[in-house]
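Look at the sequence and the model, then read on.

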Amino acid sequence: TGQVRVCIRKMDPKNFGPYLKAVGWPGSQEELAQTIERHCALFDNISLTFDVGESIGERVGLECYFTGKVQPAREPRWRRVLEELTDGGLCLPQKARAFLDYPAAVDLFPALPKPSKHTLLPRVPLAVMRGLHHVKIVHGPGGQPQAKGYTWGGFIWQDLS
């Protein structure tokens with residue numbers, strides 16, 4: 001499509017509208033400010049994303065983060081955010097529940113003995129961790145914003161040396 005996604009971090013969300021206007025975004029600053037106020041207020045950080053090609057794309061994304069990789073078991077705002085997004089029509093209830101239920105640690109060797117130091121490997125994965133990363137609110141021209149959930153995953157390793 002000849003477009004590049006731009007992501008701007010560490011800008012005060014109050015400046016998103018004026019910045020976008022200055023670079024030629026055709027959307028409404030007022031509608032964007034309302035979306036931010038209504039759906040992003042509980043988050044610690046918000047990044048702005050938009051596509052640039054021959055011109056600035058009409059849709060912008062608001063990537064909303066909590067500080068750290070804090071998960072719903074220790075961060076009650078996750079549940080509140082998903083309830084608000086569901087109530088506001090940005091997210092289906094079953095998707096919100098599935099997103100909240102996603103974080104877990106999955107043991108890779110539940111029925112097997114743990115690897116011993118006699119293996120030739122310097123370390124082995126013991127479990128897979130998975131969790132919630134951020135929510136992205138997609139704000140488009142004159143339409144209802146939509147929410148998307150993003151996750152992360154990684155291994156817990158055991159050193160065998």
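## The two sides of helix α2

In this predicted model, Glu30 and Glu37 are exposed and sit on the face of α2 turned away from its buried side. Helix α2 runs over residues 29–39, and its buried residues are Leu32, Thr35, Ile36 and His39. Seen down the axis of α2, these buried residues fall within an arc of 100°, so they line one face of the helix.

What covers that buried side? The cover of the buried residues of α2 includes helices α1 (16–22) and α3. Strands β2, β3 (56–65) and β5 (123–139) are also among the covering elements.

## The start of the helix

Ser28 caps the N-terminal end of α2. A side-chain oxygen of Ser28 lies 3.3 Å from the backbone nitrogen of Glu30.

## The largest pocket

The largest pocket holds about 230 Å³ of space. Its lining has 14 residues. Nearest its centre are Lys10, Asp44, Asn45, Ile46 and Ser47. Strand β2 (residues 45–52) gives the largest share of this lining, three residues. By class, the lining of the largest pocket has eight nonpolar, two polar and four charged residues.

## The second largest pocket

The second largest pocket has a volume of about 200 Å³. It is lined by 13 residues, and Leu90, Cys91, Lys95, Ala147 and Lys148 are the closest to its centre. Which elements give two or more residues to this lining? They are α3 (77–87), α4 (93–101) and β6 (146–159). The lining of the second largest pocket divides into nine nonpolar, two polar and two charged residues.

Conventions:
Residues are numbered from 1 along each chain as its sequence is written. This is a predicted model: local features need pLDDT of at least 70, side-chain atom pairs count only at pLDDT 80 or more; totals for chains, interfaces and linings use all residues. Side-chain values use heavy atoms; hydrogens and water are left out. On a 1 Å grid over the protein atoms alone, a cavity is a set of points where a 1.4 Å probe fits but cannot get out, and a pocket is an open set with protein on both sides within 12 Å along at least five of seven lines; lining residues have an atom within 4 Å of a point. Grid points are joined across faces, edges and corners, and a volume is the space filled by probe spheres set on the points. Helices (H or I, at least four residues) and strands (E, at least two) are DSSP runs, numbered from the N terminus. Ala, Val, Leu, Ile, Met, Phe, Trp, Tyr, Cys and Pro count as nonpolar, Asp, Glu, Lys and Arg as charged, and the others, Gly among them, as polar. Buried means under 20% relative accessible area, exposed over 50%, partly exposed in between (1.4 Å probe, protein chains only). The arc is that of the directions from the helix axis to the C-beta atoms. Contact means heavy atoms within 4.5 Å. A polar contact is a pair of N or O atoms within 3.5 Å; within protein, one must be able to donate a hydrogen and the other to accept it, and residues adjacent in sequence count only if both atoms are side-chain atoms.
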